[in-house]
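Colleague: I have a model open and would like to learn how to read it. Could you take me through the main features?

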Amino acid sequence: MEAPESGSIQLATVLLFVDIATDALAEAREEIDALNVYPVPDGDTGTNMYLTVSAAREAIREASAGDPHADRRTSLAACSRGALLGARGNSGVILSVMLGAVCSRIASSTEGERNAQIMADALTEAADASYAAVGTPVEGTILTVARAAAVAANECAAREDARARDVMVAAAAGARTALAHTPEQLKTLADAGVVDAGGRGLSVILDAAETVLTGRRPIPVTSPFGQYAIPIPQSAEVVEGDLTADGPSYEVMYLLDAEDDRIPVLKKTLAGLGDSLVVVGNEGLWNVHVHVDDVGAAIEAGIEAGRPHRVRVTHFAEQVAESAQRASSRTGRRIVTVSAGPGLTALFEEAGAVVVEGGPGRRPSAGQLLEAITACGAAEVVVLPNDADSVRVAQIAARTAEEDEGMRVAVVPTQAQVQGLAALAVHEPGRSFDQDVLEMTATARHARHGAVTVAAKQAITMAGPCEPGDVLGVIAGDFAVIGDDLERVATDVLDRLLGGGGELVTIVAGAGEGHGALAERCAAWVEEHHPHVDVVSYEGGQDRYPLLVAVE
């Protein structure tokens, strides 16, 4: 008999899972969108789940820096929060609380616990959390599939020789079987000839987890409705008819800063206003989703409970028509760029760009970038993420906008704010789209970039060990200089960047007293030591980096 595994689920496994789950949902997104007829046939369940998981992925990647040996508890907490902040739609909000429950159980696991039981517990807590989050649980939905997966997982974990992979195989199979029966539980699904879209999305995620633990792809279960990959509902009227005939007219979503004891009253108030109520979160931050006719009352309920922000309202009856109208009315080309500070925002906006606030510790999600891309009204959009860790998020948003809105979207993979400034400087809307993207990409690539920051903790860097308070010089994203004086480190970085030649130096001062004067002294140093090089300096207002620099 094979000995059961123990010792807790490793961070490396979770990092691999979020990668595979994100890719799997990207592949299945359109299929899941087509299955979406309940609770409202707005065709976005797959997209919402995809964006929610991708937000969780980017958050855990940022927190761990992709290092499988990083602090597990901190990384998993970031994953949970990322899912909560990035959740979109009814299905996304439910999925976020499930991911949060799984992360919490894995984070609390200890040496000696059986991995099989950890996984079974995690799935059970995820199912419990999903039911608790929904105002009025309905069977035949993602909730049913989650519960079936948890039951199958626990039955498997009860075997003494069970391993984590055995539990996940059983859970994924249980989910697929439950999914096949969802039309028997929900008439709307049976009438349309489809399985539940949210349940299908969850099945894709559990299949991804099975792949991570076993290395093989699951075999789909055939049901009377096919293998779930039904591209178009059999009842076209369900999708093309009045989206609000059987329910409220509006979807309202917002993040809410509120004390935990205010949430029960909020739930009761919102439940009296509409349906499809989901409220998830903890520790003062909540994601609220509800379908209502009275939008103002739903938002006022949030104001009474705390501070609503990132409010999003969708009118179902207009959603499809507006999407088609936007596609036909889009004209011209716009630049969407991520800014790390108010001064940089002003520079980008003066150049005509649409700005999404970002920067270390507050990087935008794929959903936020997608909103900026689709709301700008252009037929062609170029995205400047200006951060190495945000490039993939931007690519997710770009691909989604292209598929959903019929737009042309390109991501110039700028790694730093100063590369974004350089790329925007050569943007020319009169050129062809491809040529404009090519010129911007080439300019960004040839802009050598660096920065100066201060170490917040002890660490081993490419330049050697550093202590808190040490000044660090960054070149092309790597720590290259360690010193004790901002100006000396800054001029060292500039000297190294100018060693390969250059015609223009750009210096961007960060937030903080004296950083503007530091930028001026560094500009004077360039003029003295490299008199044939032009130099410009700006007030960027970015956090954490007293100076950003670029050489072109």
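Colleague: How many helices and strands are there in the chain?

Modeller: This is a predicted model. The chain has 21 helices and 16 strands. Its radius of gyration is 25 Å, close to the 24 Å from the globule rule for 552 residues, so the chain is as compact as a globular protein of that length. Along the principal axes, the C-alpha atoms fill a box of roughly 80 × 60 × 45 Å.

Colleague: What share of the residues in the chain is buried?

Modeller: A residue is called buried when its relative accessible area is under 20%, and exposed when it is over 50%. Here, buried residues account for 54% of the 552 residues.

Colleague: Is Gly-215 buried or exposed?

Modeller: Gly-215 counts as exposed because its relative accessibility is 64%. Gly-215 sits in the loop between helix 10 (197-214) and helix 11 (236-240).

Colleague: How many salt bridges does a search of the whole structure find?

Modeller: For a salt bridge, look for a side-chain nitrogen of Lys or Arg within 4 Å of a carboxyl oxygen of Asp or Glu. The search of the whole structure gives 28. One of them joins the side chains of Arg-159 and Asp-161, at 3.6 Å from N to O. Arg-159 is partly exposed at 40% relative accessibility, and Asp-161 is partly exposed at 28%.

Colleague: Which residue forms a salt bridge with Arg-333, and what does the pair tie together?

Modeller: The partner is Glu-380, with the closest N and O atoms 2.9 Å apart. Arg-333 belongs to strand 5 (residues 333-339) and Glu-380 to strand 7 (residues 380-384), so the pair ties together parts 47 residues apart in sequence. Arg-333 is buried, at 12% relative accessibility.

Colleague: Where do Asp-387 and Arg-363 lie?

Modeller: These two form a salt bridge, the closest N and O atoms being 2.6 Å apart. Asp-387 is in the loop between strand 7 and helix 17 (391-405), while Arg-363 is in the loop between strand 6 (354-357) and helix 16 (366-375). The pair links distant parts of the chain, 24 residues apart. Asp-387 is buried, with a relative accessible area of 16%, whereas Arg-363 is partly exposed at 22%. Elsewhere, salt bridges with shared partners join Asp-19, Asp-23, Arg-57, Glu-58, Arg-61 and Arg-392 into one network.

Colleague: Which residues form a negative surface patch?

Modeller: That patch is made up of Glu-259, Asp-260, Asp-261 and Glu-283. Glu-259 lies in the loop between strand 1 (250-257) and helix 12 (263-271). Glu-259 is exposed, its relative accessible area being 58%.

Key. Residues are numbered from 1 along each chain as its sequence is written. This is a predicted model: local features need pLDDT of at least 70, side-chain atom pairs count only at pLDDT 80 or more; totals for chains, interfaces and linings use all residues. Side-chain values use heavy atoms; hydrogens and water are left out. Patches are made of residues with over 30% relative accessible area and no salt bridge: like charges are joined within 9 Å, nonpolar side chains (Val, Leu, Ile, Met, Phe, Trp, Tyr) within 5 Å. Accessible areas come from the Shrake-Rupley method with a 1.4 Å probe; for residues, only the protein chains shown count as cover. Lys and Arg count as positive and Asp and Glu as negative; His and the chain ends are not counted. The place of a charge is taken as NZ of Lys, CZ of Arg, CG of Asp or CD of Glu. Helices (H or I, at least four residues) and strands (E, at least two) are DSSP runs, numbered from the N terminus. Buried means under 20% relative accessible area, exposed over 50%, partly exposed in between (1.4 Å probe, protein chains only). The radius of gyration is taken over C-alpha atoms; the globule rule is 2.2 Å times the number of residues to the power 0.38.
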